[in-house]
Amino acid sequence: MRSLVTGGAGFIGSHLVDALLERGHEVRVVDNLLKPVHLFGRPNYLPPEVEFIEGDVSEGETMRRALRGVDWVFHQAAYQGFLPDFSTFFRTNTVSTALLLELIVTEKLPVQKVVVASSQAVYGEGKHYCPRCDAFLYPPPRPLEQLQRREWEVKCPQCDHPTEPRLTNEAHVDPHTQYAMSKYTQEMVSLRLGRRHGIPVTCLRYSITQGPRQSFFNAYSGILRIFTLRMLTGKPPVAYEDGLMQRDYVHVRDVVAANLLAIDDPRTDYEVYNVGSGVPTTVLEFAEVLARVLDTDLTPTVPGEFRLGDVRHIISEVSKLRVLGWQVTADLETIIRDYVTWVETFADLEDYFAAAERVLKAVGAVRRAA
Ligand SMILES: NC(=O)c1ccc[n+]([C@@H]2O[C@H](COP(=O)([O-])OP(=O)(O)OC[C@H]3O[C@@H](n4cnc5c(N)ncnc54)[C@H](O)[C@@H]3O)[C@@H](O)[C@H]2O)c1
Ligand SMILES: [Zn+2]
């Protein structure tokens with residue numbers, strides 16, 4: 001068995017690599033070691049027995065080489081973030097997926113399955129309920145003027161009443177950002193072309209995935225990295241909006257398990273699944289658990305900053321994947337403990353923290369309400 005993991009030098013991809021090696025697969029990785037995710041070249045957690053191709057997934061020759069003799073493809077490489085280089089998102093995330101399918105079809109490669117890493121981002125604000133209209137709805141993004149008035153909750157487009165979040169299942173998507181659109185088009189390209197040409201494809205929409213090896217320098221890697229580094233260096237974390245946004249956190253090992261299930265269970269062919277906890281956690285609740293784990297009294301400041309394009313609440317419903325036997329094995333505290341244990345192995349944390357702050361400031365996506 002030979003597996004190709006694109007983006008296998010990254011956070012989720014590298015954990016998948018370990019799991020595949022453990023199963024006895026030969027593993028090939030193609031990864032361009034994108035900066036600033038990888039500031040120091042090939043990461044040392046990547047085992048020496050991995051066949052490593054340094055290259056770009058949107059490049060034909062690289063992918064031709066990468067796909068040779070491969071049974072299973074796990075397409076994890078992606079361009080993430082919120083910079084306005086829109087075309088890069090589609091080139092890396094969507095066009096690379098079309099190229100993958102193109103090479104499998106035109107070169108008649110005996111690939112048994114392609115598993116595609118998608119994202120909860122495809123839902124935008126996800127499913128909401130308006131108590132006044134007694135109706136479910138999928139609201140559009142909150143307008144900038146509303147956020148500047150510090151009115152954080154999503155409002156019903158019919159009656160302007162604040163809505164309540166509900167669990168979002170796979171049925172209805174509404175991608176707003178360049179990243180979300182590129183992920184959704186990636187799904188469409190892989191599922192539809194795969195079905196048309198008889199190449200089994202499964203798309204997995206990960207919720208916020210957390211765990212060891214998340215790059216300190218990935219502006220997109222989110223709350224756990226940022227809050228942990230702040231608290232470990234004695235600074236209060238900064239919560240955006242009012243800190244009551246609800247999010248859905250999943251351990252990287254549960255995401256890896258979903259990827260393995262996708263190659264083990266043919267019922268997943270041509271299907272898309274949410275991979276998350278299904279449990280809402282507010283940013284302030286998250287900070288509380290983290291403070292407990294780190295044994296600190298630090299609490300977040302809530303200065304009314306917000307990020308344009310952030311959703312208010314998004315929690316995935318995960319029953320479709322559960323029916324196949326997949327389960328959440330790690331709660332929030334376990335997720336946080338595993339991450340913190342890894343972070344504490346870094347001796348020069350202060351330096352990393354300062355460097356990460358510089359990198360993230362340069363990306364600058366935060367605004368402040370009036
Ligand atoms: N981490 C999350 O919370 C999350 C949530 C939803 C979806 N995802 C998806 O999961 C996948 C893995 O994400 P991650 O969190 O491990 O991110 P990551 O940045 O740690 O890993 C992505 C890897 O892809 C590589 N890469 C980027 N562009 C490339 C290109 N053009 N050619 C070859 N390699 C390239 C990077 O160097 C990196 O090693 C991505 O597809 C991402 O969109 C992640
Ligand atoms: Zn209403």
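**Entry 1: N93**

I began with N93 in this predicted model, and I noted that N93 counts as buried because 30 C-beta neighbours lie inside 10 Å, where 20 or more are enough. I then looked up the element that holds N93, and found that N93 sits in helix α3, which spans residues 86-106.

Which residues are in contact with N93, once its neighbours within four places in sequence are left aside? I listed A78, Y79, S182, K183 and Q186. I also checked N93 against R358: the two are 265 residues apart in sequence, and their C-alpha atoms are 27 Å apart in space.

**Entry 2: strand β5**

**Entry 3: the partners of β5**

I looked up the pairing of β5 with strand β4, residues 72-75, and noted that the two pair in the parallel sense over four bridges. For H75, I found that the bridge partner in β5 is V116. I followed the chain from β4 through α3 to β5, and I recorded this β-α-β crossover as right-handed.

Which strand pairs with β5 over six bridges? I found that it is β9, residues 201-206, and that this pairing is also in the parallel sense. Here I noted that V114 stands opposite V201 in β9.

**Entry 4: the chain as a whole**

I then stepped back to the chain, for which I counted 11 helices and 16 strands. I compared the radius of gyration with the globule rule: a compact globule of 370 residues would have a value near 21 Å, and the chain has 20 Å, so I noted that the two agree. Taken along the principal axes, the C-alpha atoms fill a box of roughly 55 × 50 × 40 Å.

I recorded that buried residues make up 43% of the 370 residues in the chain, N93 being one that counts as buried. Lastly, I looked at the contacts between residues at least 6 apart in sequence, and found that 81% of these join residues at least 24 apart.

Methods:
Residues are numbered from 1 along each chain as its sequence is written. Chains are lettered from A and ligands numbered from 1 in the order in which they are written. This is a predicted model: local features need pLDDT of at least 70, side-chain atom pairs count only at pLDDT 80 or more; totals for chains, interfaces and linings use all residues. A residue is buried if 20 or more other C-beta atoms lie within 10 Å of its own, exposed if 12 or fewer, and partly exposed in between; C-beta atoms are placed from the backbone. Two residues are in contact if their C-beta atoms, placed from the backbone, lie within 7 Å. Two strands pair if DSSP finds at least two bridges between them. A crossover is right-handed if, with the strands pointing away from the viewer, the path from the first strand over the helix to the second runs clockwise. The radius of gyration is taken over C-alpha atoms; the globule rule is 2.2 Å times the number of residues to the power 0.38.
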